[in-house]
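Let's walk through this model together, from its sheet to its cores and then to the parts that call for caution.

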Amino acid sequence: MIRAALDRLTAEGIAFATRGDQPIDAPRPGGDVDILVHAGDARAAERVLEATGFHHLAVAGHRGHRFHLAFDPEHARWLKLDLNLVPTRLRWNLNARDEGSVRRFAAHRVGVKAGRGTAERVRVALVRRLPLAPRRRGPVIALLGPDGAGKGSVITQLRAEIPVEVTVIYMGNGEASLAGGRAATRRARRLRAAAALLPAGPRLAQYRLRRPLRAARRAWVAHAYAWRGDIVLCDRHPLEALALEPDAGGLGGRLGRLVPWPDEIVVLDAPGVLLFSRKGEHTPERLEQWRRAYQSTFEPLGASIVPTTGDLTASVEAVSAIVWRGLKARRGW
């Protein structure tokens, strides 16, 4: 797809240069291909890229760059092109073999970055933290499944292969929500210690009130990152309570009102015996019971069931296509 896009640029008479010896036919997972074009040719170049399957990926805080993204369904590969816009005043003779232009452009970029003052750096940092648009552009993908289903392995591989900003949030009942949330861990321990001092009745009421609110807070934090334009991968999700604790004092109903629904729900599926062999937690019978609860609850609600009984690569490819679908819908492509 990248080679076809570059050939089409040449056929349309749009001058460009690639930066160095880049693996155009086999780009590394998670990487991109840099292309230099004159700013005056940017619109024409983008029309060509759109015609060859690449979509403009709006990203805040990157002046002089126009990112374009595609997904190759045959190989389940993410492909990214970075259009580096050369100011029109720099009348370089760009073409695919003009290494001199590439070296001059690199020196020009270094000079631009060196000339940025503190105010400009603060502006860029702030812009990258603000919502990308009035409508949320980043998808929230919930990965569900019993212990041992492979959520951590799939997420790790996805982060390595997706060439855009990915935020991973742990949303289980454990003590950490965001990576490195040691302060949250300490607060959770103090709250549990204080709750243990209460009588059983008030303790249960406090638990039933606090847990949905905490789950909702985590879910809204995920959506805040998605408003920035990030792809948000949720390791577990509060809505798991619909399957695992449907009658826990109305917990599922309260969650349904407080927690925003993710764009895509992926249930990673494997037999209970296999889940037990991977982590050795709970019992095969209990894990099988949970597995069936996930299927019966979320499959009628439109969730995607992805088997993780075989090669990890096949599971990652299936989930990767689902993530692309969520991103495509959110971006309006």
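The paragraphs below take these topics in turn.

This is a predicted model, so to speak of local features we need pLDDT of at least 70, side-chain atom pairs count only at pLDDT 80 or more, and totals for chains, interfaces and linings use all residues. Residues are numbered from 1 along each chain as its sequence is written, and side-chain values use heavy atoms, leaving out hydrogens and water.

Start with the open sheet, where 5 strands follow the order 1-2-5-4-3 with mixed pairing. Strands (E, at least two residues) and helices (H or I, at least four) are DSSP runs numbered from the N terminus, and two strands pair if DSSP finds at least two bridges between them. At the edges, pairing on one side only, are strand 1 (17-18) and strand 3 (55-57). Strand 3 runs antiparallel to strand 4 (residues 65-72), joined to it by 3 bridges; His 55 has Leu 69 of strand 4 as its bridge partner.

Now look for the nonpolar cores: sets of buried Ala, Val, Leu, Ile, Met, Phe, Trp, Tyr and Cys residues joined through side-chain atoms within 4.5 Å, where buried means under 20% relative accessible area (1.4 Å probe, protein chains only). The largest has 50 residues, and helix 12 (residues 312-331) gives the most to it, with 6. Apart from this core lies another of 20 residues, including Ile 2 and Leu 85.

Finally, consider pLDDT, the predictor's confidence in each residue, from 0 to 100. The chain's mean is 83, and 77% of its residues reach 70 or more. Over residues 175-181, however, the pLDDT is below 50, as it is over residues 203-207. Where pLDDT is low, the predicted coordinates should not be read in detail.

Technical notes:
Contact = heavy atoms within 4.5 Å.
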